[in-house]
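I opened my notebook to get to know a new structure, one look-up at a time. Here is what I wrote down.

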Amino acid sequence: MVAIDHSSGVVHRARDLAHRFFDSDIYYSFRASKVTMVAAGVTAVMFLGALFAPLLSPQNPFDPAALDLLDAFTPPVWVEGGGWKYMLGTDDQGRDLFSAILYGSRISLGVGFAAVLFAMLLGISAGLLAGYVGGKVDATIMRIADVQISFPSILIVLLIDGVLRGVLPAGRHDDLALIVVVLAIGFSSWPQFARTVRGSTLVEKNKEYVQAARVIGRQPLVIMLRHVLPNVMGPVLVIATISLAVAILSEATLSFLGVGVPPTEPSLGTLIRIGQDFLFSGEWWIVIFPGATLAILVLAVNLLGDWLRDALNPKLR
Amino acid sequence: MIVVPANQPLLEVKNLRIEFPTRRGTLVAVNDVSLHIDPGEVLGVVGESGAGKSLTGAAIIGLLEPPGRIAEGQIMLEGRRIDDLPYEEMRRIRGRRIGAIFQDPLTSLNPLYTVSRQLVETIMTHLPLSEKEARARAIELLQEVGIPSAEERVDHYPHQFSGGMRQRVVIALALCAEPRLIIADEPTTALDVSIQAQIISLLKRLCKEHQTAVMLVTHDMGVIAEAADRVAVMYSGRIAEIGPVREVVLNAKHPYTHGLMGSIPHIGHDVDELTQIQGAMPRLTEIPAGCAFNPRCPKVFDRCYHDRPDLQPVEASEVACHLYDAEERRAAAGD
Amino acid sequence: MTDTAVTTTDARPADARTLVKVDDLARYFDVSPPLLNRLIERTGRAVVRAVDGVSFEIGRGETFSLVGESGCGKSTVARLIVGLYRPTDGSIVFDGVDMGQPGARSFRQGVQSRMQMIFQDPYASLNPRWRVTNIIAEPIHARRLLTDKAEVNRRVGELLTQVGLSPKDGEKYPHEFSGGQRQRISIARALAGEPEFLICDEPTSALDVSVQSQILNLMKELQRSFNLTYLFISHDLAVVYHVSTTVGVMYLGRLVEWAETKTLFNRPKHPYTRMLLDAIPDLEMTGRQRVPVAGEVPSPINPPSGCPFHPRCPHANARCAAERPVLRVFDDTHVACHAVEEGRLS
């Protein structure tokens, strides 16, 4: 009896939530913008493709045993010499490009998400603390952020990447490469989150509901996390979306420069690096398809971010 | 200058209806509002927030914020229809024939220009004066609205004035083209009580001197009682009662006006409990059928739930309430 | 029980009827430009004396109102008492306990939980992302008054009923309510902490009159039921007359006069109080002309010397410009005015 009550409560909550979502202004503005709907569709397809890569791809591109060097440089299906076995052709190792792109997006998106989550964690904590506590804490945190922002972010990523690689024991580089990339990219973008959260926190902090919580006797940490945080999440979400696009690009840049993920498990950036060697020798498809995938993914995510920013900005409604 | 015939009102609003199309259907914010203002008269428009009083004022000066629009009705200024004029023509009327004063003086003044520049520009747009004459006129106006050392202050920026002084500048700006009508939307709400009294008496004096009519939109009954000649009480987008100020304030006829007057605390009246009107004004999406006031009305009866009452003359006022229907009155007389 | 040790060092006020005693309370705000600007532009520090030497007492079960124009410091006094600001100077004694005592942090919190606050803006004072139930239950959780979830819900339902809402409303979010209903939720939240003392900062000034009367009536009713003491902050003299037992008038951070309500309204002593009363709109249509107060409130950064009101005062003389008057009692009224003291004004 109790269990039934509980589950029906959950169903009720979920239905209530769904109702509130479909009734919301956000959903309405989503439906009103065709560009956004297309962008969301493209992003969704790429996400699903990346998520279900092992099920969708004809080949495991990370498994050297599955590769056949004799099939190297097979062109796409519609070019003479191509076949349905390798729809988008193969690279110099005989890797099926379609499979490689699916697996590569998986790494790109995975690294992107992880890096953004890490940056959010750092940035939100720093921003909340700076905004809510103020004074010297604020000045210290924000000056560090200012200094970091004044450097190009890719420089920061390279710097952190280099430092981490130097610190880590040799021989474990490849195992930890992914984590290093995530930390480097994440660390390079925390100041944006910190700045935004700090700004919103300064506004929220002076609202009467925060004062009310203080009068009630709530501890500062509780007020920051339970009162202020939910109310500053709107702009954070916008930045997170745009940062995701930037993080994917940063990862591609790192991999392109050869300091990112190991070439045995290529991401989109690695594929582009491999491909650019063959760009002028006629095997254009090796660089074009991963490049186009990256461009479309980043564009779609960026468009979503733009829309989210407008949808959450009450002034533009 | 057009001479208004004595029998013609300066402003006449006929059956005004303002709609807001939203994705959930069209909201009617102002419905079937008719009123007139005579030359030199102060008409107070009171009501709670959301009653449609500010929208009525905005519609008259042609400053309805989209997507709000006039769906029905006419607005006539000096016998000429103005609600369907093209934007440019309306802009010329605004300022020249109709002036505006808003609640927040900072929104009516450009913070980047000096007061003199704003006044001179407005004067020269509307009156055939040279820049020098316009400046002299600007200083004269500032003196008239009670700004000390006006010759010097005229070259200051808006932020260099205090709240009360800024509102005086706004009044000067509204008056500078000698309009026939001023729409004053909550002109004293942002001000302290002591400053409020200064501004109201100033507005009253100037309008008397210049023979300017005023539509005074406010939620403050005290301001109305002091400044208005006639009052329109709005509720849920309609006029509930309109009449001479003494009638409405001291002898309210509509149960809503009655409740409203009773709910204002008075100094010197020792009551333990204030009269209260139950509930709140309905949202625009939930206006009930019949009389919009019926869920809160202490004297509600059958007809109120399905017939919408029209304004009808009762003594010196006009009231939209079924209590004053002929048969109801007969029944009351028979009791 | 180290807490009790702290309390005993403080002498209880002679009058046990007094719940709150504020003595020479001051709060300054530093509004100086940043250091770099000060160095380059050679400007000094700027200090706003938002509250400057305010003393009064609030008796149990009373409604003490503070009135004054915007910027007079009345809201700052409220926030000082409730602990949102630390006083720069002076003391606040609540039920015999000095709130400013050093080293009594936990005890101060214990005392502070006996007071709650109702804020002015019903739209900003409720967290928009919280359900009403959680908003009202917050003081219960913070003070650990109840721990069982069902009991908390029952208590929240009871509170909602007490303020004239339905227990079902707890499931909703603040944006689904009108301004008046939100203020009721605010009151329910304050009551949830089972306070003795409620600080109400302009609780009705954002509401329409017909709703204002509902809230004022509700507050009076609750005061009777729960034997509450109110500190009521308002700029509306008519509202203050209706709700208060005692009224204090503030001007530029100072308390210029305080007395029992009838006394203050019938026989105002301070010239500023008289001016305020004269400026009230005449709703009775008696034809009384309201006399506008001349001039405007000066900047609190550089307040006038002596009596802060002297530049606007018709009774000011040289002494008023030089010497700051202190509160003295004349016929049951505490008033800070040289003219009254010297008998030039009765």
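**Chain C, by domains**

I began with the domain assignment of chain C, which gives domain 1 (2-114 + 196-341) and domain 2 (121-195). I keep in mind that this is a predicted model.

Next I looked up how far apart the two domains sit: the centres of domain 1 of chain C and domain 2 of chain C, taken over C-alpha atoms, are separated by 29 Å. Where they meet, domain 1 of chain C puts in 13 residues and domain 2 of chain C puts in 14 residues.

Which elements give two or more residues to the domain 1 side of that contact in chain C? I found strand 7 (197-201) and helix 8 (209-226) of chain C. Helix 8 of chain C gives the most to this side, with 5 residues. I also sorted the domain 1 side by class and noted 9 nonpolar, 2 polar and 2 charged residues.

**A sheet in chain C**

I then turned to an open sheet of 4 strands in chain C, with the order 2-1-4-5 and antiparallel pairing. Strand 2 (47-59) and strand 5 (97-98) of chain C are at the edges with a single partner strand each, so one side of each has no neighbour in the sheet.

I followed the pairing of strand 1 (residues 18-30) with strand 2 of chain C, which is antiparallel and runs over 9 bridges. Here I could pick out Lys21(C), which stands opposite Glu57(C) in strand 2 of chain C.

What packs on this sheet? I found helix 3 (residues 74-82) of chain C, which touches strand 1, strand 2 and strand 4 (89-94) of chain C. The direction of helix 3 makes about 115° with that of strand 1 of chain C.

**Where chain A meets chain C**

I looked up this contact too: 14 residues of chain A are in contact with 20 residues of chain C. On the chain A side, helix 9 (208-216) and helix 10 (220-257) of chain A are the elements that give two or more residues. Helix 9 of chain A has the largest share, 8 residues. By class, I noted 6 nonpolar, 4 polar and 4 charged residues on the chain A side.

**Chain B as a whole**

I finished with chain B, which has 13 helices and 12 strands. Its C-alpha atoms fill a box of roughly 70 × 50 × 45 Å along the principal axes.

Key:
Residues numbered from 1 in each chain as written. Chains lettered and ligands numbered in written order. Predicted model: local features only at pLDDT ≥ 70, side-chain atom pairs only at ≥ 80, totals over all residues. Pairing = 2+ DSSP bridges. Contact = placed C-beta atoms within 7 Å. Axes fitted to C-alpha atoms, helices over the stretch in contact; angles between N-to-C directions. Nonpolar A, V, L, I, M, F, W, Y, C, P; charged D, E, K, R; others polar. Domains from an automatic or database assignment.
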